[in-house]
Amino acid sequence: MSSRPQPEQHAPPVQRLRVRYAKRGRARFASHRDFGRAFERALRRAGVPMAYSSGFSPHPRISYANAAPTGAASEAEYLEIGLAQHCDPEAVREALDAALPTGLDVVEVVEASPGALADRLTGSVWIVDWPGADAAVLGPAVATLLGESEHTVERMTKNGLRSFDVRGAVVSLRAEDVPAGSARLRMVLRHGVPLVRPDDVLRALIHVDAAVGALPDAVPTRLGQGPLDEASGEVGDPLR
């Protein structure tokens, strides 16, 4: 009997870089899979010397961490790449930013520090622009939700219908004044399993106060993501 051929073995990365990127404008409708394909194409176009996994189907060493849901804009998405040779992080940033489609912007690239990137992403700062919502109604609804010890909502996921304790994930939540005809919410959400999203918070507000109305075509934007300081409620920079 002939022995089965062994898969090619690739050397481990000699450098790891952490990348902060943004999803802006129409790019917010790109799914995580869409972004992954676009990012791998950008790596090839930019000539980034990627390290590859070993095995029968080698793939570039890219680790994604807590991507925003489809339809959400973000200024704070993160991933880590492993390289086969040392590169200047700023040169990699410029090359990748030029190779990506409009709206997918590479904001910062730094050398990876010890530990897993995902472990440093324990909280997010979001704003939600809510067209048609009444800011005068949102204030009492926010107060009611914050006064509860638990509030469960349901959302259909790829694994079926899941229940989420929204209140347990909300570190802070407030309505902000914006031009008439719309409202804005600012929130800090604690990351957990399952992950509570801004639209889950909107559903909870509708549950606690019928005057809020139906779920609108709200636009969530993640402003920051990183280590959550439980004492202050602030979210730090995971690249520092």
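L161 touches E154, R155 and M156, leaving aside residues up to four places away in sequence, where a contact means heavy atoms within 4.5 Å. This residue lies in strand β7 (residues 160-165); helices (H or I, at least four residues) and strands (E, at least two) are DSSP runs, numbered from the N terminus. L161 is exposed, with a relative accessible area of 52%, given that buried means under 20% relative accessible area, exposed over 50% and partly exposed in between (1.4 Å probe, protein chains only). The model is a predicted one, in which local features need pLDDT of at least 70 and side-chain atom pairs count only at pLDDT 80 or more, while totals for chains, interfaces and linings use all residues. Residues are numbered from 1 along each chain as its sequence is written, and side-chain values use heavy atoms, with hydrogens and water left out.

P220, in strand β10 (residues 219-226), is buried, with a relative accessible area of 15%. Its contacts, again not counting residues up to four places away in sequence, are G71, A72, A73, W126, I127, V128 and P198. Of these, W126 is 94 residues from P220 in sequence, yet the two C-alpha atoms are 6.8 Å apart in space.

Turning to the helices, the twelve residues of α3 (residues 135-146) should span 16 Å at 1.5 Å a residue, and the end C-alpha atoms are 17 Å apart, which agrees; the expected span is 1.5 Å times one less than the number of residues. In α3, V137, L138, A141, V142 and L145 are buried. Seen down the helix axis, these buried residues fall within an arc of 135 degrees, so they line one face of α3; the arc is that of the directions from the axis to the C-beta atoms. They pack against β5 (123-131), α4 (166-169), β8 (170-176), β9 (182-190) and α5 (198-208).

The axes of α3 and α5 come within 9 Å and cross at roughly 100 degrees. Axes here are lines fitted to C-alpha atoms, for helices over the stretch in contact, with angles from 0 to 180 degrees between N-to-C directions. L138, A141, V142, T144 and L145 of α3 meet V201, A204, L205 and V208 of α5.

Overall, the chain has five helices and ten strands, and 44% of its 240 residues count as buried. The C-alpha trace spans about 70 × 45 × 35 Å along its principal axes.
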